[in-house]
Amino acid sequence: IPHRSSRCTLCCVEEVIKAYEAVIFSKSSAPGASRRGGVDEELFPEEEEEGADHDSDEIKGRQTRVDSETERILKNLVFMARNQSAGREFVEQGKIHLQYFDAIKKEFKTLRQLWIALSERVAGVDELAM
C-alpha cells in the first residue's frame, strides 16, 4: 500500500494559493489602508478600479490587500524616471509592468472567489456524507 500524505489535495492547493497571494499583495490590517500608492494616481489619473470594493474585506474582518513592496518600488521608479526625464521608453515599459500587476491582481480576485466556492461545495458534500 503506497504511503498517503496526511493532507488532502485541497489543503495543499490552498497553501499554494496563499503563497501566490503573498507574492502579489502585501497584507495590511489597518482600516482605510490604501490599495494603491499615491504615485499611481499621478501615473494613471484617468484610471479607476472597476467594481472596486475596498471595504468588503474590512467589513468581513479580514486584512485588506495593498500593493506589494515590489509594485510600490516599481511605481516609485517610474514616477522618478518620469520626473527626471530618464527616457520615454523606460517610463512606458514601467507603465506596462504596472498594468500587468493590475491584471494579475484582478485575475487573482476571480481565482480566489472560485476557490472559495469550490471549497464550500466540497465541505458541503463532505458534511452530507457524514
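This is a predicted model: local features need pLDDT of at least 70, side-chain atom pairs count only at pLDDT 80 or more; totals for chains, interfaces and linings use all residues.
Residues are numbered from 1 along each chain as its sequence is written, and side-chain values use heavy atoms, with hydrogens and water left out.

**Overall make-up**

- The protein has 5 helices and 2 strands, where helices (H or I, at least four residues) and strands (E, at least two) are DSSP runs numbered from the N terminus.
- Read along the sequence, these elements follow the pattern α-β-α-α-β-α-α.
- Of the 130 residues, 26% count as buried; buried means under 20% relative accessible area, exposed means over 50%, and partly exposed lies in between, using a 1.4 Å probe and protein chains only.
- Among contacts between residues at least 6 apart in sequence, 77% join residues at least 24 apart, a contact being heavy atoms within 4.5 Å.

**Helix H1 against helix H5**

- Two packed helices are described by the angle between their axes and the distance between the axes.
- Helix H1 (residues 9–24) and helix H5 (residues 88–129) pack at an angle of about 160°, with their axes 11 Å apart; the axes are lines fitted to C-alpha atoms, for helices over the stretch in contact, and the angles run from 0 to 180 degrees between N-to-C directions.
- H1 and H5 are therefore roughly antiparallel to each other, on a scale where angles under 35 degrees count as roughly parallel, over 145 as roughly antiparallel, 65 to 115 as roughly perpendicular and the rest as oblique.
- H1 passes H5 in a left-handed crossing, the term for a near helix turned anticlockwise from the far one by less than a right angle, whereas clockwise gives a right-handed one.
- On the H1 side the contact is made by Leu10, Val13, Glu14, Ile17, Lys18, Tyr20, Glu21 and Ile24, which meet Ile104, Lys105, Phe108, Arg112, Trp115, Leu118 and Val122 in H5.
- The residues of this contact of H1 with H5 divide into 10 nonpolar, no polar and 5 charged, where Ala, Val, Leu, Ile, Met, Phe, Trp, Tyr, Cys and Pro count as nonpolar, Asp, Glu, Lys and Arg as charged, and the others, Gly among them, as polar.

**Arg112 and its partners**

- Arg112 is buried, with a relative accessible area of 12%.
- Leaving aside its neighbours within four places in sequence, Arg112 is in contact with Glu14, Ile17, Lys18, Glu21 and Arg65.
- Side chains of opposite charge can pair when their charged atoms come close.
- The count comes to 9 salt bridges under the rule that a side-chain nitrogen of Lys or Arg lies within 4 Å of a carboxyl oxygen of Asp or Glu.
- Arg112 forms one of these with Glu14, the closest N and O atoms being 3.2 Å apart, and this pair links distant parts of the chain, with Arg112 in helix H5 and Glu14 in helix H1, 98 residues apart.
- The side chains of Arg112 and Glu21 also meet in a salt bridge (3.3 Å, N to O), a pair that links Arg112 in helix H5 to Glu21 in helix H1, 91 residues apart.
- Both Arg112 and Glu21 are buried.

**Helix H4 against helix H5**

- The axes of H4 and H5 come within 9 Å and cross at roughly 155°, and H4 and H5 are therefore roughly antiparallel to each other.
- The crossing of H4 and H5 is left-handed, and the contact involves Thr70, Glu71, Leu74, Lys75, Leu77, Val78, Ala81 and Arg82 of H4 together with Phe90, Val91, Gly94, Lys95, His97, Leu98, Phe101, Asp102 and Lys105 of H5.
- By class, the contact of H4 with H5 has 8 nonpolar, 3 polar and 6 charged residues.
- Phe101, which lies in helix H5, is buried with a relative accessible area of 17%.
- Leaving aside its neighbours within four places in sequence, Phe101 is in contact with Ser68, Thr70, Glu71 and Leu74.

**A charged network**

- Glu71 forms a salt bridge with Lys105, the closest N and O atoms being 3.1 Å apart.
- Glu71 lies in helix H4 (residues 69–83) and Lys105 in helix H5, so the pair ties together parts that are 34 residues apart in sequence.
- Glu71 is buried, and so is Lys105; salt bridges that share partners join Asp67, Glu71, Lys75, Asp102 and Lys105 into one network.
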